[in-house]
Amino acid sequence: MNLEQPAQQDCVLVEVLKRQGAIPFVKTNVPQSLLNYDCSNPIYGQTLNPQNLQKTPGGSSGGEGALIGGGGSLLGLGTDIGGSIRIPASFCGICGFKPTAGRLSLQGVTPTFRGQKSVLASPGPMAKDVDSLALCMQALLCNHMFTLDPTVPPIPFNVQVYKTSKPLRIGYLETDGFSQPSPSMARGIREVKALLEQAGHTLVPYTPPKISYVISELLVRGILADGGTTLLKKLEEGPLDRCLRDQVLFYYLPNWLKKTLSFLLKPVFPRMSTILSAMCGVGSVPDLWKQHAAVEDYIHETIADWRRCNIDVLLCPVIGPAYNFFYCSKLFTVVAYTMLYNLLTFPAGVVPVSTVTAEDEEELRHFKGIYQDPWDRLFKQAVSGGEGLPVAVQCVALPWQDELCLNFMKEVEQLVKQSRM
């Protein structure tokens, strides 16, 4: 989409890291359009997962995840608007961190399209361990970055919070109630929950509010507020990659047909029905403002919910294990496990905790899903054949508590390491 349009200068984050001695040595592969969690495009082709070459590394920062997961780099930067740091980290067995929206500068970073404000992107680090993520954040959150981009709040990295060892009150969930996790995803949460309880932390069940409404009306209708027009306009300039084809197929349909199909599918495929309706976008500027207001209301409602439950952080699933090829574009709603925290602007990170076992694969044979619809069946196919692949969990904190989120990630990482001794 931006072929033969090279940047004229480094983005702020690269400039800051270079001054501190970092040596950028490669740009890694991404999916066409970036709005996809596979990693293929018509120019460079399909990136493979270093843990299993028959699997995708995830996306959109999939090339970075594959390079670090394969031992080719110590540290990388990705961008994340729906899980594009966290999903490759999960698929490739590394750590990835999406900071609070606005904590790091996006100046000089080229998005798919500008002006979309419902679901915000964040740049962030990817590495083999949590300490490397924290070191990168500490290096970036400096006066040099605050001077280059005065729109970023001048909040230095709080090392004391990162290194604190106080017990936490942790909310946890195995499922969001909309997409059933794979057996290994759920097992990862159960095992980490047990380790955290043994270490003296308090674990309390938690359910994100109104998840069905959020996925269709806030996530999909927000990102596709224009009905996909801007994205399709950009895709007119070249061939369409196979990894994107199934995803954008519905964007091409006129709104009257989307609404008709939504109505017809409601009794037999309710999830697809609501998503098709949301793909029509918002329709008018007043409706866009209402949609933005609804996002703000949901953020405040969720924060109030955390306060009611008196939780410091949240332990929740991240998509995994790595998919077989060409399923990412067919399975959008499962991305809610990660995209929810872009909508909320909460910091969130991923830590590998296990690998897929033969028992997980056997349990997957009996997987039905919550709705037992075509998407549940596709998800079962996507994650099949994953024995030995990495299993990760996701750690989340409230906005601007990035150091606490990293502290929680570090605690999970250490407890998992100790459990293997």
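Biologist: How many residues of strand E10 are buried?

Modeller: This is a predicted model, and everything that follows is computed from it. A residue counts as buried when its relative accessible area is under 20%. In E10, which covers residues 390–397, eight of the eight residues are buried, so by that cut-off the strand is mostly covered. On one side lie Pro390, Ala392, Gln394 and Val396, and on the other Val391, Val393, Cys395 and Ala397; both faces are covered.

Biologist: Which strands pair with E10?

Modeller: Strand E9 pairs with E10 in the antiparallel sense over seven bridges. Within that pairing, Ser354 stands opposite Val391, and Val350 stands opposite Gln394. Strand E8 (residues 313–317) also runs antiparallel to E10, joined to it by five bridges. Here Leu315 has Cys395 as its bridge partner.

Biologist: Why is strand E9 described as largely enclosed?

Modeller: Six of the eight residues of E9 (residues 348–355) are buried, so the rest of the structure largely encloses the strand. E9 also pairs with strand E4 (residues 95–98), in the antiparallel sense and over three bridges. In that pairing Lys98 is placed opposite Ala348.

Biologist: Which residues lie nearest the centre of the second largest pocket?

Modeller: They are Gln247, Tyr251, Cys328, Ser329 and Phe332, out of 32 lining residues. The elements that give two or more residues to this lining are helices H8 (211–223), H10 (242–249), H12 (270–278) and H16 (374–383). The space in this pocket is about 530 Å³. Phe332 also belongs to the lining of the largest cavity.

Biologist: What should I look for in the backbone?

Modeller: Most residues other than glycine have a negative phi, and most peptide bonds are trans. Exceptions can therefore be picked out against that background. Lys210, which is not a glycine, has a positive phi of about 50 degrees. Phe326, also not a glycine, has a positive phi of about 70 degrees; this residue lies in the loop between E8 and helix H14 and is partly exposed, at 25% relative accessible area.

Biologist: Where are the cis peptide bonds?

Modeller: One joins Gly59 and Ser60, with omega about 10 degrees; Ser60 is in the loop between E2 and helix H2 (62–69). Another joins Gly320 and Pro321, with omega about -5 degrees. Pro321 is in the loop between E8 and helix H14 (336–343).

Biologist: How many salt bridges are there, and which parts of the chain do they tie together?

Modeller: The count is 17 salt bridges. In one of them, Asp131 and Lys410 have their closest N and O atoms 3.0 Å apart. Asp131 lies in helix H4 and Lys410 in helix H17, so this pair ties together parts that are 279 residues apart in sequence. Asp131 is partly exposed, at 38%, whereas Lys410 is buried, at 17%.

Biologist: Which residue forms a salt bridge with Lys210?

Modeller: Glu301 does, with the closest N and O atoms 3.0 Å apart. Glu301 lies in helix H13 and Lys210 in the loop between E7 and H8, so the pair ties together parts that are 91 residues apart in sequence. Glu301 counts as partly exposed at 29%, and Lys210 is partly exposed at 44%.

Biologist: Are Asp373 and Arg271 buried or exposed?

Modeller: Both are buried. Their side chains meet in a salt bridge at 2.8 Å, N to O. Asp373 is in the loop between helix H15 and H16 and Arg271 is in helix H12, 102 residues apart.

Methods
Residues numbered from 1 in each chain as written. Predicted model: local features only at pLDDT ≥ 70, side-chain atom pairs only at ≥ 80, totals over all residues. Heavy atoms only, no water. Buried < 20%, exposed > 50% of the residue type's maximum accessible area, 1.4 Å probe, protein only. Helix = DSSP H or I, 4+ residues; strand = E, 2+ residues; numbered from the N terminus. Pairing = 2+ DSSP bridges. 1 Å grid on protein atoms, 1.4 Å probe; cavity = no way out; pocket = protein on both sides within 12 Å on 5 of 7 lines; lining within 4 Å. Points joined across faces, edges and corners; volume = space filled by probe spheres on them. Salt bridge = Lys/Arg side-chain N within 4 Å of Asp/Glu carboxyl O.
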